[in-house]
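This report treats a helix pair and a domain boundary in turn. Please consult the sequence and the model below.

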Amino acid sequence: MNALIEFFRPHLLPLLYALVIVAVLPLIVGYIVLVERKVMADMQARLGPMRVGPHGLLQPIADAVKLLIKEDIIPENADKMLFWAAPLISVTAALLALAAMPIGPKFQIADLDIGLLFILGISSMGIFGIVLGGWASNSHYSLLGALRSAAQLVSYETAAGMALISGLLLAGTLSMHRIVEIQAGARVWFMFLAPVGFFIYLVASIAETNRAPFDLPEAESELVAGYMTEYSGFRWSLYFLAEYVNMIVVGSIATTIFLGGWLRPFPNVNALNFLDAFPPLLMLVLAGYCFYRTPKQPVKVQKGFLAAVGLLCLALAGVLGVVLAPAAAAFKTPVHGTFWFLLKVFLYLYVFMWLRFTLPRYRFDQLMKLGWHFMLPVAIVNVMAIAVALVLHRPREAGGLDWGLGASLLVSNAGTLIVAAYLAAVGQRRTSPIVGDV
Amino acid sequence: MADTRTTSFPNAETTVLGADEIVINMGPQHPSTHGVLRVKLKLDGEKVVNSECVIGYLHRGVEKIAEHRSYQQFAPYVDRMDYVAAVSNGLGYCEAVEKLLGAEAPPRARVIRTILTELQRIASHLLWLGTHALDIGALTPLFYCFREREEILKIVEKYCGARLTTHAFRIGGLQYEAYDELEKDVERFCKDFEHKITEYEDLLTQNRIWLGRTKGIGVLTAQQAIDLGVTGPVLRASGVKWDIRKAMPYAAYDQYKFEIPTGRNGDTYDRYLVRVEEMRQSRLICLQAIQNIPAGPIMARIGKVLKPPVGEVYHSIEAPKGELGYYIVSDATIQPYRVRIRPPSFVNLQAFDTMVRGHLVADVVAIIGTIDIVLGEVDR
């Protein structure tokens, strides 16, 4: 018996983390959807959901309940087994990718030596779910959407992978935990050392998650809903969950590799330590706003709910504030680290939303051209330029940074930009309208 | 032949399918066909080889109804054709009957007609811009356009109580006297609107994705456009400077200064630019018109029962979508003998096949959007 307990002891904490992630993530996804609708409404001079709960705060719950009790339709002649399994594959792959993600310095299920490789490999498996789902539905629109998705995901994954390599070269390790620590040691986020790589990853990750302006697989004005056309109810919501979890995954990867993971901005500058007060203050402001709005709610239930949200914010502010005390110094980095990590991921996702509501949609051939003729070559040149810079000014230790290395990285990024400008100019000349006799 | 399949296309050219070709159906219930247009597309991969529009889902026999209504009774029916520009439709019909009667609306009525019609043109173009951008994937302009369109509809509502199917004018003049703050409302709208157009242009005009999706798409040369009988912004985008407001002035257009914007390439992008510029020009016309609205009666003396002399008349106006013509034959009774309507959307839609050949499926929605059709008008 004791041997059994001893065997499980090291696995208890990771199990707890995994449980938290699987239990909390669907809720977070629901609220990301709400935030997205609110952001969209704000940009479009509207209010967005306002009916269910105060300011629509219960809308995600209502949506989830609706999806759960909806009729589950399986089309005739569909491959039932695959139709059933496809969304599961998608959602499992998306959730598994979070296993190696350092959400805080201590909040990580497993710190793998090949962390990034594992994450990229597992999240690519999600494509199987899309292709199989489209094929199993036995519908033209689904199949077309699925093939488009697969083509798009595969072609942008190469560019995204190349962009990540620029970060990896600087870090010299694949372990997600080490990458953040090295950024702490280098005193600068890799975003500033490899801005071109970061930008390529930003664009490629939007395409990888099928978000506008690259949302062709589900272009509603052309293909109705792409591979999800025949799905309904709970199965559909699994796909939806997978899509948003994938957004969180790419956001987390970008945060870890380029944005310093769980690190506070300027973690090594003691003069900026007052930034530690930001998390509890933000929560206090949120709580204050909730209490301010509470008496204005029309119904008693809504008043109670908003007050409860306010209390939750207050509790979080308390936790974030208490760990600042010298006595609880051991808990400060884990708690605040998680806060900063999530904040960065949400800011990254905000950029996704912002672009979605601003830009028109690419055409499929234009999308492919952008991916293969522009993004991939620039990403490769970027990797080579950074590699050359690192060889010329080999840092004494991994991630060590001096002025010489900084300068050569600056030159290499500038060189990459010149190549990019050249490619853009050539592409512009080559893109002639496709009009003519057929 | 063994390897050819046939389809239900009545058109011989589209009936025979090559080995790699498929036929897909867009509509009549498709989000991007702007109503109940059905398009059959013959595709080679994603490339459109041939197309055919199937119309008539919204046919109500408007022209036939006219033969059983008196001249005044028929006036509200024309509002139901192009229901996003009802004021313009009413103007065309009223002026056609006035021409038949040999009557003329008093100056006050003509100026107010001009103001309302130009506002309606802006509203119609705004609806077009929003939905066109939405088809190409830009979600947000739609809401901005509707925000401004709402202001125009409010002015129209204050004037005549209705927002869409307005019946704003009467044969011989106006249905109602203008309300007191009409000038002020129009002026406020026009002042704000200048900045608002810039807002739409900031989102789209220089946007690389927008350029990629619209430049060189659905090209119509000037000669092709003339041969197909296309009118309105679609014709002007091909470089033909033809606008009935200038060529054969009606209402009070001869009193105002405005430009006719034209394009050069006749592609979707030029049509976009032309329509945006037309909104600017309409705004200028409105600003000029409210400076000096003449006093006086709003109705000509034409009597209660209209019995035009035996004869026929054709009168056309520049509706937001192109030349809207009414051909009316009178047999000296209170009902028209025949009314024939030339709807701009119907004629412009005939250019669809020419524009769409050789493009990709994704461009089809852009091209349907750029013609700016309203199915109520196509089918009548």
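In this predicted model, the axes of helix 7 (residues 182-204) of chain B and helix 12 (residues 268-291) of chain B come within 10 Å and cross at roughly 160 degrees. Axes are lines fitted to C-alpha atoms, for helices over the stretch in contact, and angles run from 0 to 180 degrees between N-to-C directions; helices are DSSP runs (H or I, at least four residues) numbered from the N terminus. The two helices, helix 7 and helix 12 of chain B, are therefore roughly antiparallel (angles over 145 degrees). Helix 7 of chain B passes helix 12 of chain B in a left-handed crossing, that is, the near helix is turned anticlockwise from the far one by less than a right angle.

Residues are in contact if their C-beta atoms, placed from the backbone, lie within 7 Å.

| Helix | Residues |
|---|---|
| Helix 7 of chain B | B:E183, B:V186, B:E187, B:C190, B:F193, B:E194, B:I197, B:E201 |
| Helix 12 of chain B | B:V276, B:M279, B:R280, B:R283, B:C286, B:L287, B:I290 |

By class, this contact between helix 7 and helix 12 of chain B has 9 nonpolar, no polar and 6 charged residues. Ala, Val, Leu, Ile, Met, Phe, Trp, Tyr, Cys and Pro count as nonpolar, Asp, Glu, Lys and Arg as charged, and the others, Gly among them, as polar.

In chain A, 21 residues of domain 2 are in contact with 14 residues of domain 3. Helix 11 of chain A gives the most to the domain 2 side, with 6 residues.

Residues are numbered from 1 along each chain as its sequence is written, and chains are lettered from A and ligands numbered from 1 in the order in which they are written. Local features need pLDDT of at least 70, side-chain atom pairs count only at pLDDT 80 or more, and totals for chains, interfaces and linings use all residues.

Technical notes:
Two residues are in contact if their C-beta atoms, placed from the backbone, lie within 7 Å. Angles under 35 degrees count as roughly parallel, over 145 as roughly antiparallel, 65 to 115 as roughly perpendicular and the rest as oblique.
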